[in-house]
Amino acid sequence: MLELQQLVSYVTPNRLKRLSFFRNSSQGDENTQMQQLYHAIFNDEIENDKEACQLLFGKDKDRRYAKVKHRLKQQMLDTVLLLEPIEKGLSDYHESFTVLR
């Protein structure tokens, strides 16, 4: 949970606005749960996995929570990789090279 909290603190809502994939609701409930988890972590509403699972599923343990948490972590890592070149103002060539690496 600590690693995910650090990623969420770095990837602020303002940074997420630059990328549309996080707001895409085509994945239904799972995407909504991922957004709910993101906002709960960002707003310091939860401190551990047990609280997060309780928030999302109303239980202390649920296999679905691990999937949602994993997807959110992957989204945050992808976002960091995509935002770094944009925020540094790199040329299109360097940005493409970085993304392809």
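**View 1. K59 and D62 meet in a salt bridge.** The N-to-O distance is 3.4 Å. A salt bridge here is a side-chain nitrogen of Lys or Arg within 4 Å of a carboxyl oxygen of Asp or Glu. D62 also forms a salt bridge with R64, with the closest N and O atoms 2.8 Å apart. D62 is buried at 17% relative accessibility. K59 is partly exposed at 43%, and R64 is partly exposed at 45%. Buried means under 20% relative accessible area, exposed over 50%, and partly exposed in between (1.4 Å probe, protein chains only). This is a predicted model: local features need pLDDT of at least 70, side-chain atom pairs count only at pLDDT 80 or more, and totals for chains, interfaces and linings use all residues. Residues are numbered from 1 along each chain as its sequence is written, and side-chain values use heavy atoms, leaving out hydrogens and water.

**View 2. K50 forms a salt bridge with D60.** The closest N and O atoms are 3.9 Å apart. The pair links distant parts of the chain, 10 residues apart: K50 sits in helix α4, D60 in the loop between α4 and α5. Helices are DSSP runs (H or I, at least four residues), numbered from the N terminus. D60 is partly exposed, at 42% relative accessibility.

**View 3. Y38 and F42 form a stacked ring pair.** Their ring centres lie 6.1 Å apart, with planes at 15°. Rings of Phe, Tyr and Trp (its six-membered ring) pair if their centres lie within 6.5 Å; planes under 30 degrees apart count as stacked, over 60 as edge-to-face and the rest as tilted. Both residues lie in helix α3 (residues 29-42), 4 residues apart. Y38 is buried at 0% relative accessibility, whereas F42 is partly exposed at 32%.

Conventions
Helix = DSSP H or I, 4+ residues; strand = E, 2+ residues; numbered from the N terminus.
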